[in-house]
Amino acid sequence: MKIDQTRIAQQCPCCTNSDLSSSPAILMPFISHRAFNWTPVEIDDSWGLNSIKNGYAYSICNSLLCKKCGFLFLDIRFTDDETSRLYANYREEEYTKLRDFYEPGYAARNDDLNIGYGQKYVKDIECFLKPHLELPVSILDWGGDTGKNTPFKDKNKLFDIYDISNNEPIEEAKIISKEEAYTNEYDLIICSNVLEHVAYPHKILEEIIPCMDNDSLLYIEVPHENLIINEKNNLHLKKKHWHEHINFYTLESLKSLIDNSGLELIDVNDLEVTNGTSVWFQFQLACKLK
């Protein structure tokens, strides 16, 4: 798949369509600070700006909507270095302190997130995947953080994690480099809650494919965002801010991404997830090599 990997997106990263709708938005200050070291500023009379009104200035951006597959995304496409800065020591002390500064109350919410989504969530993933696997399985969790939400932790013969966060894994797992991952072939590769964060998701899939053979199963999971569920028209006009999730997928956009990456979709589901009083939905997709 040929995608022009520009700083400001000119085409849909899923289906390559260049017919996009655009609407102004802002990049949330935690993200702009963490990735670019850009902080909000208050403009007052001391600036001496004759044609600029006083007030707070935030990092501007655009919400883009693909008219073909419905993919909604941030026009700014982060570089690998910027993504690494954003997610280094993810949800650890420094990350949490800065985010709580911009978003008071985040630290308390982060305690719940670090516990994981719970046993039911993991069991639901296992139920979705089990018809397509023979247990035990060799597992690679690509972007798996600590491994706390990885399925089949107790039914594996190998459990590797490749992740840029540098967080300490759970006891059953081993953190490996990308180069180490390429020396193995895995029965099950997990790419869960990753593709909503990255500039060019097809690149992640292209990096994963060398770890697969004809029998390998790739599990992809991304949020089915409330905006996608609840709004049907002109989503770009309604998306006024961007945070960690820079990609909002439709099922059609996911199908285009998977097909254009040389993969075949063999199963799909819309999973309901609960964490305390919060309820949301996740797209579940099982794929194999074409």
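This is a predicted model: local features need pLDDT of at least 70, side-chain atom pairs count only at pLDDT 80 or more; totals for chains, interfaces and linings use all residues.
**Exercise 1. Which residues does Leu140 touch, not counting residues up to four places away in sequence?**

Residues are numbered from 1 along each chain as its sequence is written, and side-chain values use heavy atoms, with hydrogens and water left out.

Step 1. Contact means heavy atoms within 4.5 Å. With residues up to four places away set aside, Leu140 touches Asp160, Ile161, Tyr162, Ile176, Ala181, Tyr186, Leu188, Ile189, Ile190 and Cys211.

Step 2. Leu140 is, together with Leu195, Leu218 and Ile220, among the residues with the most contacts inside the largest nonpolar core, which has 37 residues. A nonpolar core is a set of buried Ala, Val, Leu, Ile, Met, Phe, Trp, Tyr and Cys residues joined through side-chain atoms within 4.5 Å, where buried means under 20% relative accessible area, exposed over 50%, and partly exposed in between (1.4 Å probe, protein chains only).

Step 3. At least two residues of this core come from each of β4, β6 (137-142), β9 (188-192), α7, β10, α10 and β14; these labels number DSSP runs from the N terminus, helices being H or I of at least four residues and strands E of at least two. Another core, of 24 residues, lies apart from it and includes Leu27, Ile31, Leu74 and Leu235.

**Exercise 2. Describe the open sheet and its edges.**

Step 1. The sheet consists of 5 strands in the order β11-β1-β4-β5-β12, with mixed pairing. Because β11 (241-242) and β12 (247-248) stand at the edges with a single partner strand each, one side of each is left without a neighbour in the sheet.

Step 2. Two strands pair if DSSP finds at least two bridges between them; strand β1 (residues 20-27) and strand β4 (residues 60-66) are joined in the antiparallel sense over 7 bridges. Within this pair, Pro24 stands opposite Asn62 in β4.

**Exercise 3. Work out which residues of helix α10 are buried, and what covers them.**

Step 1. In helix α10 (residues 251-260), the buried residues are Ser253, Leu254, Ser256, Leu257 and Ile258.

Step 2. Their cover includes α7 (201-208), β10 (217-224), β13 (263-275) and β14 (278-289). After α10 comes Gly262, with a positive phi near 85 degrees.

**Exercise 4. Is Glu103 buried or exposed, and which residues is Glu103 in contact with?**

Step 1. Glu103 is found in the loop between α3 (93-102) and α4 (106-115), where Glu103 is buried, with a relative accessible area of 19%.

Step 2. Leaving aside neighbours within four places in sequence, Glu103 is in contact with Phe30 and His243.
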